[in-house]
Amino acid sequence: MSDRSLLDLQNWSPKDLEQLFFQIDHEPKETAEKFSGSKKTAALIFLEPSTRTRLSFELACAKENIDRILLDAGGGSSLEKGETLEDTFLNVAAMKPDLLIVRVPEQFPLKEITEELGIPTLNGGWGKRAHPTQALLDIATIYKEKNINFSKFNKLKLLFTGDVLHSRVFSSHQELAKILGYEIGVACPEQLKVPGTKYFTKLSEGLQWADVVMALRTQKERHDGKKIQDSDINDYQLNSESLKKLSKDALILHPGPVNWGTELSINVVNDSRNKILKQVEMGVTIRRLLVRRALAGKL
Ligand code: CP
């Protein structure tokens with residue numbers, strides 16, 4: 001594993017994950033780690049919209065006593081005057097932050113820029129390539145909510161429903177599943193499946209198979225003109241009828257944001273298996289640990 005940045009999970013090992021899970025269980029709540037020398041600063045560069053990732057990273061930094069500066073593509077930056085994304089990164093880096101936390105589009109050369117800048121960088125979403133902190137918080141939520149022993153993850157069956165093809169969360173789970181050994185299945189319209197993945201044409205069969213189901217949003221912003229309507233995924237909606245096939249001790253997850261009435265019906269809110277807000281809560285813990293590790297050069 002790189003000791004500076006987290007762009008994806010390709011170089012992580014089972015031992016790295018076991019250490020992270022150990023930290024979740026023994027999270028020191030009382031104080032932020034005291035970094036030697038002056039106070040640290042994290043620069044958040046979010047070039048796509050975000051609620052959970054951005055705010056949980058901000059809160060994680062606050063809990064670690066780290067100053068934050070934020071560039072949000074939502075408005076007010078010189079991107080609106082035609083400055084390139086690459087120049088934006090170079091200029092933020094010139095202010096010498098100790099850490100970058102970024103969300104960037106698919107075509108952005110994140111690996112190259114990270115190497116060029118030499119500043120520890122945490123990926124908060126990179127097109128549909130990777131969203132490693134989301135996959136880590138998902139699996140940490142499963143670990144806590146199902147009380148699975150670390151060595152038993154190879155028995156876990158995780159079903160994805162919805163727009164699998166355009167999901168960076170799914171991409172990161174493919175990497176993480178190789179390390180932890182859990183099995184991935186997908187139940188979605190034919191045109192949204194990922195080649196080489198266990199596929200269920202019928203949602204009911206996938207739900208009977210799964211220990212955990214993760215619904216995904218229809219990601220219209222990545223469809224590049226493809227005709228995929230919400231109605232195409234109606235057959236795969238998690239609702240009170242379809243969820244009768246899911247085991248009583250299974251979990252229902254979603255990385256957010258949820259389009260209620262599309263991939264999930266509103267009555268899932270009251271299903272005792274729904275742990276979506278537990279994922280959000282775990283996001284702060286995981287990101288706090290990752291921020292701490294990045295600044296210590298021990299990712
Ligand atoms: N899951 C996730 O990345 O949510 P946000 O887009 O709100 O950050």
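**A loop proline and its surroundings**

Modeller: Let's start with P255, which lies in the loop between β9 and α8. Helices (DSSP H or I runs of at least four residues) and strands (E runs of at least two) are numbered from the N terminus. Keep in mind that this is a predicted model: local features need pLDDT of at least 70, side-chain atom pairs count only at pLDDT 80 or more, and totals for chains, interfaces and linings use all residues. Residues are numbered from 1 along each chain as its sequence is written, and side-chain values use heavy atoms, with hydrogens and water left out.

P255 has a relative accessible area of 10%, so it counts as buried. The cut-offs are under 20% for buried and over 50% for exposed, with partly exposed in between (1.4 Å probe, protein chains only). Setting aside residues up to four places away in sequence, P255 touches R52, Q134, V169, M214, A215, L216 and Q279. Contact here means heavy atoms within 4.5 Å. As for D25, 230 residues from P255 along the chain, the two C-alpha atoms are 22 Å apart.

Besides P255, the residues touching Q279 include Q134, L137, D138, T141, M214 and L253.

Now for the sheet. Five strands form an open, parallel sheet in the order β7-β6-β5-β8-β9. Edge strands β7 (198-200) and β9 (251-253) have a single partner each, so one side of each is left without a neighbour in the sheet. From one strand to the next, the twist averages 25 degrees. Angles run from 0 to 180 degrees between N-to-C directions, using lines fitted to C-alpha atoms (for helices, over the stretch in contact). Strands pair if DSSP finds at least two bridges between them; β5 (residues 157-162) and β8 (residues 212-216) run parallel and share five. L159, for one, has V213 in β8 as its bridge partner. Helix α6 packs on this sheet, touching β5, β6 (183-187) and β8, and its direction makes about 150 degrees with that of β6.

P255 also touches V169, one of the buried residues of α6. This helix (residues 168-180) has 13 residues and spans 18 Å from first C-alpha to last, close to the 18 Å expected (1.5 Å times one less than its number of residues). Eleven of those 13 residues are buried, so α6 is largely enclosed by the rest of the structure. Among them are F170, H173, E175 and L180. At the start of α6, a side-chain oxygen of S167 comes within 3.2 Å of the backbone nitrogen of V169. Just past the other end, G181 takes a positive phi of about 90 degrees.

C188 is buried, because its relative accessibility is 0%.

Methods
A polar contact is a pair of N or O atoms within 3.5 Å; within protein, one must be able to donate a hydrogen and the other to accept it, and residues adjacent in sequence count only if both atoms are side-chain atoms.
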